[in-house]
Amino acid sequence: VGSAPPVTPQAPPADVLPAVPPPSLDELFSLASPAALGVLLKLASNVLGAPDEAKFRRVRRGNQMVAGKVLCHAKGEVWLAALGFEAAPASAGGVEAADEDIPLVTTISAAALRPVHAALTRAVDGARPSRVCVAKGWVVHGLCIELGDGSRCGAFLENDGSRMDLTDDAGLARRGGAWHEAEAGERLVAVRGRNSAMGYLCGEVHLVLSSGRTLPIVGENASVFGASFEYAVPPLDELADILFA
């Protein structure tokens, strides 16, 4: 009985790449904007709430929310596909529909949709305020919003007007920052207040939350307040930042 010759490991061909596992749902939706997340969560919630309701399983590509907030992104088709939405088969007769009239239909089961809905809920929660740090003197000089994913937005100013690092908790405290906790599920739906006539951020700002609560940050000297401002977050959108010029 002869022995077999030793086997020499062979390197894979140069044009063969190792398989890359598909992204998890959390990774997939981490790329979505807050506005896209709101629309996707609404679509998933509608189907789960009434799995046998045909109207919730069909949407046109030209739908204002779908086109303007989801399909405008490079990954929009992929996000919708995760919910099972695909182009419906062409109708008989050979007449091609315009892109905006093409219906997207999902036949996904409730069991398959639940983990997608859970991932979307986690992503939306990550884009909502978990707590707010505010600081004021004669006017407001600090507003930092910490989102559920730990990121922060807004602005804090030193006494000379220079911008501060929002991750510097000791610095925020030194400038008189006080933290306020948000309630579970609250989203910021509007911002209103008055400008400042002496610089810094504004004279006063009121954060309006979906629960009906309002968080007021009011400077101490109304004589240096300026014109009023107000901004409402559009339906299904989430706060991304509050910018000060």
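**Charged side-chain contacts**

At 13% relative accessibility, Glu146 counts as buried (buried means under 20% relative accessible area, exposed over 50%, and partly exposed in between, with a 1.4 Å probe and protein chains only). The model is predicted, so local features need pLDDT of at least 70 and side-chain atom pairs count only at pLDDT 80 or more, while totals for chains, interfaces and linings use all residues. Residues are numbered from 1 along each chain as its sequence is written, and side-chain values use heavy atoms, with hydrogens and water left out.

Glu146 forms a salt bridge with Arg131, with 3.0 Å between the closest N and O atoms (a salt bridge is a side-chain nitrogen of Lys or Arg within 4 Å of a carboxyl oxygen of Asp or Glu). Glu146 lies in strand S5 (residues 140–147) and Arg131 in strand S4, so the pair ties together parts 15 residues apart in sequence (strands are DSSP runs of E, at least two residues, and helices runs of H or I, at least four, numbered from the N terminus). A network of salt bridges links Arg131, Glu146, Arg152 and Asp169. Arg131 also lies over the face of Trp179, at 3.8 Å from the ring centre (CZ of Arg or NZ of Lys within 6 Å of the ring centre and within 35 degrees of the ring normal).

The salt bridge count comes to 11. In one of these, Arg128 and Glu238 meet at 2.9 Å, N to O. Arg128 lies in the loop between helix H5 (110–126) and strand S4 (129–136) and Glu238 in the segment after strand S11 (225–232), so the pair ties together parts 110 residues apart in sequence. Arg128 is buried, with a relative accessible area of 18%, and Glu238 is buried at 9%.
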